[in-house]
Amino acid sequence: MRIDDFNERLRQSILVADGAMGSLLYESAGPQRCVDELNSSDAEAVFRIHQTYIESGAQLIETNTFGANRHKLAQLGMSDRVAELNHRGVKIAREAREAAKHEVLIAGSIGPLGIVRQVLDLPYEQIFGIFKEQAGALEERGVDLFLIETFSDLDELLTAIDAIRSFSNLPIVAEMTYSEEGATMGGMRPQGAWEKLKQKNIQVVGANCTIGPQYLLPVLRELNGIDMPLSAMPNAGFPKRVGDRIVYPKSSPEYFALFAEEAAELGVRLLGGCCGTTPEHIRAMAVAVKKLRPPKSGADGKPGSVEVLEPQERTKRLKTREPESKLWKKLQAQQFAVSVEIDPPKGVSIDRIVEQVSRVMANSHVDSIDINSGTLARVGMDALVLAGALEAHGFETIPHLTTRDANIIGLQAMLLGAWAVGGVRNVLAITGDPPSLGDHPETSGVYEVDSIGLVKVLARLNQGTDWAGKALGGATNFTIGVAVNPVAEDIDEELRRFEAKIQAGAHFAMTQPIFDPAHWQRFLKRLGGKSPVPVLVGLWPLTSYKQALRLNNEVPGIVIPDVTLKEMEKAGESARARGFLLARKMLDWARTARSEGIAGAYLIPPFKRYEEVLELFT
């Protein structure tokens with residue numbers, strides 16, 4: 001996330017963060033030697049807590065990585081698991097966000113290294129390196145910002161900030177923890193801390209943990225008036241020990257709602273909870289601050305909203321549709337076409353995905369949205385159904401359809417509904433990843449036909465008959481797309497299948513992501529020098545050297561040239577900028593490669609941050 005974008009969000013509204021993680025994990029998973037380890041051993045428990053907070057109104061969730069630094073993990077014999085536990089923490093948070101009804105930011109949680117006296121004995125370079133290692137792992141897996149929290153020592157907090165800023169341009173929220181006297185353990189007052197913190201490139205300063213709402217208000221009053229947004233995440237109150245448990249008081253949600261209103265008046269723009277707080281507290285605060293939020297603005301500066309059509313209006317819009325797709329007309333007119341790829345949400349709400357698509361499609365360069373279908377054999381909303389919902393909002397789509405999940409009867413039924421009810425006019429026919437890759441390896445795929453057979457099914461529907469040759473009483477007119485991989489290991493087999501797809505009735509093709517024009521040119525030469533159908537080339541802006549290395553070595557069908565890998569490695573902290581520059585060069589090439597059969601491009605946004613891919617046009 002860009003710092004300017006984060007700042008703008010804080011100007012427009014108060015963001016509500018989540019509450020306690022550790023205490024809820026204790027209740028659901030029992031005592032643990034390290035709650036961060038649950039990212040690996042019981043990811044579902046962590047996921048459920050994220051999901052519950054989101055359902056309660058949280059717009060920002062923190063990764064379960066507060067103590068996942070090398071210094072703390074080493075004390076438990078897990079110093080080699082820093083990257084693993086931080087990566088998994090981000091992955092779980094991202095999966096929870098995918099199921100959200102509203103947009104959710106993911107903050108990489110970074111806590112202090114341990115007991116202050118012990119940490120102070122460590123060399124500065126070692127402390128710096130520990131924080132940099134953890135922050136690097138969090139950013140690599142796709143956090144939107146960093147939340148450095150519960151620091152009682154200012155010097156340690158400043159070191160953490162410096163470590164992050166040594167490589168990252170993501171927003172930073174810096175929170176210290178204060179006693180009931182309004183000072184840190186070392187006697188530092190909030191204003192004194194601010195004098196040092198204001199010299200750093202942070203976006204929010206605040207306080208969390210240790211004390212409850214009423215003791216936190218004086219801290220906020222002392223910071224009121226500084227030239228920076230404030231954050232406040234109080235405990236439920238003072239804890240007490242009951243047997244082998246730490247128990248927090250049952251502060252009422254209404255009590256936290258009152259705190260939220262007072263905190264907002266003092267300049268708090270990021271509001272959440274810490275130890276002992278629950279989803280009920282977050283829900284109460286979310287409701288309390290709703291009336292304090294101005295309406296979101298559109299591009300013209302006036303309040304805007306997402307258009308949602310009632311069923312009757314959808315029917316009216318469908319009746320006015322042309323019988324063939326705008327995409328096909330553009331390809332026929334030899335105009336460069338651009339699509340942006342999205343993943344369907346994991347849950348039951350499409351509100352957030354509609355908002356994101358609205359922003360992407362507002363860009364004049366983008367013509368359509370192509371929608372993955374059960375990528376890696378994981379459960380998500382059906383691509384054809386989501387496509388219908390987006391079409392009802394006026395957005396052209398290219399849903400992917402796999403033969404893995406339905407037999408021929410089911411495939412035809414889905415396609416007829418997508419055409420007649422959903423208004424879908426383009427389909428990308430694919431075979432699909434096997435279930436053994438996904439979350440349900442015990443299941444089996446259907447695969448009555450492969451992608452070639454699916455193209456034949458679509459072609460027959462376009463002719464007004466079903467697979468058995470029986471008349472339908474009308475015909476579809478789908479624009480049929482197919483996949484092609486110019487860097488397949490068995491290029492002869494790939495060529496054979498591509499030609500079979502064309503003979504079956506394919507109208508256009510979409511390539512696997514490629515990172516060098518030479519990859520396509522070599523394939524085209526083997527094909528005979530000319531593509532029989534228009535081709536949209538896949539472009540994926542790389543964001544880090546490690547990501548590029550992983551894609552090249554672990555993802556089937558992707559080949560990243562050695563020169564690109566070396567460029568990404570050499571770029572260091574500027575790897576993201578270099579990755580986008582390389583993708584921009586590929587896009588420029590694609591625009592001039594019509595003689596090579598390239599008629600457009602589809603763009604794969606990094607970490608599902610769909611709007612970020614628009615940077616390729618700047």
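Predicted model: local features only at pLDDT ≥ 70, side-chain atom pairs only at ≥ 80, totals over all residues.
Helix α11 spans residues 213-223, and its buried residues are P213, L216, L217, V219, L220 and L223. These residues lie on the same side of α11, because they cover an arc of only 165° around the axis. An α-helix has 3.6 residues a turn, so residues three or four places apart point the same way. The buried residues of α11 pack against α10 (190-197), β6 (204-208), β7 (230-233), α12 (253-265) and β10 (268-271).

L220 is also one of the residues that touch the most other members of the largest nonpolar core, which has 78 residues; F146, L157, L197, F259 and L271 are the others. Helix α9 (residues 154-165) gives this core its largest share, 7 residues. Leaving aside residues up to four places away in sequence, L197 touches L154, L157, L158, I161, I202 and V205. A second, separate core of 71 residues includes M361, F478, V613 and L616.

The whole structure holds 28 salt bridges, among them the following.

| Salt bridge | Closest N to O |
|---|---|
| E615 with R2 | 3.4 Å |
| D367 with K330 | 2.7 Å |

E615 lies in the segment after β18 (598-603) and R2 in the segment before α1 (3-12), so their pairing ties together parts that are 613 residues apart in sequence. E615 is buried at 11% relative accessibility, whereas R2 is partly exposed at 44%. E612 and R609 are both buried. A network of salt bridges links R2, R97, D144, R576, R609, E612 and E615.

Notes
Residues numbered from 1 in each chain as written. Heavy atoms only, no water. Buried < 20%, exposed > 50% of the residue type's maximum accessible area, 1.4 Å probe, protein only. Helix = DSSP H or I, 4+ residues; strand = E, 2+ residues; numbered from the N terminus. Arc of directions from axis to C-beta. Contact = heavy atoms within 4.5 Å. Core = buried A, V, L, I, M, F, W, Y, C linked by side-chain atoms within 4.5 Å. Salt bridge = Lys/Arg side-chain N within 4 Å of Asp/Glu carboxyl O.
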